[in-house]
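Have the viewer open while you read.

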Amino acid sequence: MVNVEEFVKKAIEEIKREVGDGKAIIALSGGVDSSVCAVLAYKAIGDRLIPVFVDTGLMREGEPERVKEVFGHMNLVFIDARDEFFKALKGVTDPEEKRKIVGELFVRIFEKVAEEKGAEYLIQGTIYPDIIESQGGIKSHHNVGGFPTKYKFKKVIEPLRELYKDEVREIARYLGLPEEISERMPFPGPGLAVRVVGEVTPEKVEIVRKATKIVEEELKDVPKWQAFAALIGKATGVKGDVRVYGYIIAVRAVESRDGMTADPLRLDYEKLRRIALRITNEIPEVVRVVYDVTPKPPATIEYE
Ligand code: XMP
């Protein structure tokens with residue numbers, strides 16, 4: 001385990017040294033990695049840090065608002081790009097294509113801000129497992145080693161590149177970040193787009209968002225790596241004596257150290273029943289709820 005105090009001191013020094021009297025930009029996601037980076041960078045260079053939050057419309061409930069609350073005192077640039085993302089994803093069903101579209105649009109929006117603000121340095125919350133998975137070609141993490149951008153940053157700074165997730169959380173606690181950030185579950189870069197199997201629409205994303213909130217509420221006190229909902233297709237159901245063709249929600253809850261392998265939680269059956277009941281009662285479009293018992297490998301944690 002890393003020596004937290006020493007790490008923080010060194011990271012701040014590194015950012016100060018690298019950025020000098022220049023300006024640095026960082027993309028905030030609301031997650032623990034980018035949040036820790038932003039706090040370290042703010043301590044190092046203050047208002048010469050430009051944190052950017054792009055609301056893709058693919059975030060979990062309340063996330064954009066929380067980012068505003070926590071980072072509002074910095075030079076935060078907040079961009080509402082929801083319509084743009086949904087437009088770009090319309091009709092696309094291939095998982096890697098979806099990831100690519102979200103990644104590229106994000107980069108384009110981010111580049112524009114970097115250019116407008118004249119930022120010379122890019123700070124990123126890349127952690128060690130991101131680098132490993134990216135090298136193994138397991139999944140295209142669009143954030144490793146800098147954005148595939150035409151914008152010429154002088155340098156990409158990745159202060160967390162040698163840390164595992166649990167170590168980043170320790171740093172977050174030490175830095176006094178709120179618990180909802182330091183203990184926040186990992187959330188994929190392409191957001192809820194990879195938790196909707198097939199075409200992404202605002203309606204489906206809204207359904208997954210509501211189901212995710214229910215899963216998180218019900219499993220709040222259960223130790224886990226991640227717990228979430230995914231919309232995996234359609235099926236027949238009966239609601240109010242009428243046969244309806246509605247959505248299938250899969251509940252995924254896993255333990256893991258670093259996301260590279262994962263085991264499904266052996267959840268209490270009554271808990272599962274309650275989750276299924278709540279989701280089908282509170283979200284009229286959902287007719288069926290299933291629990292995913294597949295470890296990683298062979299499944300991944302996310303659905304796409
Ligand atoms: P998979 O689905 O590959 O996910 O088993 C492993 C862990 O990584 C997260 N994940 C991502 N994180 N950008 C990220 O920053 C991404 O594109 C991405 N895709 C998956 C996932 O939530 C899990 O914790």
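The largest pocket has a lining of 24 residues, and nearest its centre are E183, R184, M185, K220 and K224. Keep in mind that this is a predicted model: local features need pLDDT of at least 70, side-chain atom pairs count only at pLDDT 80 or more, and totals for chains, interfaces and linings use all residues. Residues are numbered from 1 along each chain as its sequence is written, and side-chain values use heavy atoms, with hydrogens and water left out.

**How the spaces are defined**

- The search runs on a 1 Å grid over the protein atoms alone: a cavity is a set of points where a 1.4 Å probe fits but cannot get out, while a pocket is an open set with protein on both sides within 12 Å along at least five of seven lines.
- Lining residues have an atom within 4 Å of a point.
- Grid points are joined across faces, edges and corners, and a volume is the space filled by probe spheres set on the points.

**Largest pocket**

- Its volume comes to about 850 Å³.
- Domain 1 (4-183) and domain 2 (195-291) both contribute to the lining, so the largest pocket lies between them; the domain bounds come from an automatic or database domain assignment.
- Helices α7 (165-174), α8 (179-182) and α9 (202-218) each put at least two residues into the lining, and α9 has the largest share with 5 residues.
- Helices here are DSSP runs (H or I, at least four residues), numbered from the N terminus.
- Sorted by class, the lining holds 18 charged, 4 nonpolar and 2 polar residues.
- In that sorting, Asp, Glu, Lys and Arg are charged, Ala, Val, Leu, Ile, Met, Phe, Trp, Tyr, Cys and Pro are nonpolar, and the others, Gly among them, are polar.

**Second largest pocket**

- This one has a volume of about 280 Å³.
- Its lining has 14 residues, with F7, K10, A11, E14 and E162 nearest the centre.

**Cavities**

- The whole structure has 3 cavities of 30 Å³ or more.
- The second largest cavity has a volume of about 50 Å³, and G30, E63, R66, V67, E180, I181 and R184 line it.

**Rings and charges**

- A search of the whole structure turns up 4 aromatic pairs (rings of Phe, Tyr and Trp, its six-membered ring, with centres within 6.5 Å; planes under 30 degrees apart are stacked, over 60 edge-to-face and the rest tilted).
- One of them is F106 with F110: the ring centres are 6.1 Å apart and the planes at 10°, so the pair is stacked.
- F106 and F110 are 4 residues apart in helix α5 (residues 95-117), so about one helical turn separates them.
- F106 is buried at 13% relative accessibility, and F110 is buried at 2% (buried means under 20% relative accessible area, exposed over 50%, partly exposed in between; 1.4 Å probe, protein chains only).
- Y151 and F153 have ring centres 4.7 Å apart and planes at 65°, so this pair is edge-to-face; Y151 and F153 are both buried.
- K68 sits over the face of F78, 4.2 Å from the ring centre, and R257 sits over the face of Y164, 4.5 Å from the ring centre (NZ of Lys or CZ of Arg within 6 Å of the ring centre and within 35 degrees of the ring normal).
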